[in-house]
Amino acid sequence: MIAYFPAIYPDELVYSWFCRYYVYSGCLSHKMALQKLYCKRSDNPSKEFIGNLNLVAREQIGRMYPLDELVVNHTMYPQYARFIPLEQKKTALFRLAHDFCDIHQLFTVLPRNEGEQYLWFCPLCVKEDRETYGETYWHRKHQIRNMSICTKHKCRVMESSVPVKSEKSYTFFPAENYVDDSKIAWENDIEKVEYAEYLESVFDAPMDLKNDIPISSILYDGMSRTKYLKLSGRSRYTKRLGDDMNKFYMNMGICAVASMYQIQRTLLESGCDFSVVCQIAFFLGNEARRTDSPITDTRTDSSGTGQPLHERCYAG
C-alpha cells in the first residue's frame, strides 16, 4: 500500500507529482519508490507520461484522480495527440491510462535537438509556487516543444539540469531541489510572446474526441488567404512557404524550425506533429494579416466549421 500521496498541483506533470511523493513517502531510495509505483524494476517511465503502474498504485491513484483525466491534464498527451486521427487519439488515451506500452507505438515523437534536452522552469513561477504551496514543481506548459517563454510572466523559461529523456537508472528529480528563482530574463520580442501564447492556447484547448477533421484541410484553407495558394486552389507554393517560414522562425530564434519535408508531410495528411502544425498555422495567420486577408474571415472553410484558422487549430 502507498501510505501517503500528496495532492497534485495545477498543470503539474505526473513525473513531478511522483517526485514529490518520493520526497514525502519516507522511501530511502529511488529504487524503493519505483517499487511502490511501478510493475518491474526494469520499468523506466517517460517523464512526459505516467508509465507502467502496478495494480495497487493504479487503483489508489485512480481513486484520487481518474486516470483518463490524469493523462489529459497532467501529461504531455495534448501535445502529441492533438492532431492525430480520431481513433488513434482515443486509442492512445486509453492505452496511456490503462494499458502500458511504448509511446512510440501511439504517436510520432520527434528526436530532441540541443535546445530540448532538459526540463524547463520559469523563475517567477518558482517564486509564486513557493509562496502559495511551500514548494515548486515541474509545470507541463513549460515543457511544450519550442515554448521559450512563460506566458503568465512574459519572461524566458530557464533550462534546468534535469534531462527530459529517461535514464538507464531512473531518478526522481523534485523541482524544489533543482531550480531557483534568481535569474529572470524578460522577453521584449512581441512576436515571440505571441507565438508562445499561441502554443499554450492550442495545448490548453479541450481535446475533441468526437470529430475527425484532418488538420491538413484546415491548413490548406488557411493558405487560401495567402500568397502560397493560387486563387484557383490548384497550385500550392510549398517551397516558398517553407523558405519564408524558415526565415521567420530563424529570426525569432526558436530552437526547432520545421523542415521542408515536415511541412510537405503535414499538408499531405501524413504528418501531424504539434510543433510543425503550430508553426505553419501561426505563420499563415500572420501572413494573412500582413496581406490584408484577415484571419478572422468567417467564410466557410474546407473543414466546414467557418472558424478562423487559429481557432480551428485549437479544437484538434
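Let me start with helix α12, which spans residues 260-267 and has Ile263, Thr266 and Leu267 as its buried residues. Looking down the axis of α12, we find these buried residues within an arc of 95°, so they line one face of the helix. Please keep in mind that this is a predicted model. After α12 comes Glu269, and the phi of Glu269 is positive, near 70°.

I would now like to move to Thr226, which sits in the loop between α10, residues 215-223, and α11, residues 238-252. Thr226 counts as buried, because its relative accessibility is 10%, and the cut-off for that word is under 20%. The side chain of Thr226 has a polar atom 2.7 Å from the backbone oxygen of Met223, and a polar atom of that side chain also lies 3.2 Å from the backbone nitrogen of Tyr228.

Finally, the cysteines: how many disulfides does a search of the whole structure find? The search finds zero. For Cys122, the closest cysteine sulfur belongs to Cys150 and is 3.6 Å away, which is too far for a bond, because a disulfide requires the two sulfur atoms to be within 2.5 Å. Seen from Cys150, the closest cysteine sulfur is in turn that of Cys122.

Conventions: Residues are numbered from 1 along each chain as its sequence is written. This is a predicted model: local features need pLDDT of at least 70, side-chain atom pairs count only at pLDDT 80 or more; totals for chains, interfaces and linings use all residues. Side-chain values use heavy atoms; hydrogens and water are left out. Buried means under 20% relative accessible area, exposed over 50%, partly exposed in between (1.4 Å probe, protein chains only). Helices (H or I, at least four residues) and strands (E, at least two) are DSSP runs, numbered from the N terminus. The arc is that of the directions from the helix axis to the C-beta atoms. A polar contact is a pair of N or O atoms within 3.5 Å; within protein, one must be able to donate a hydrogen and the other to accept it, and residues adjacent in sequence count only if both atoms are side-chain atoms.
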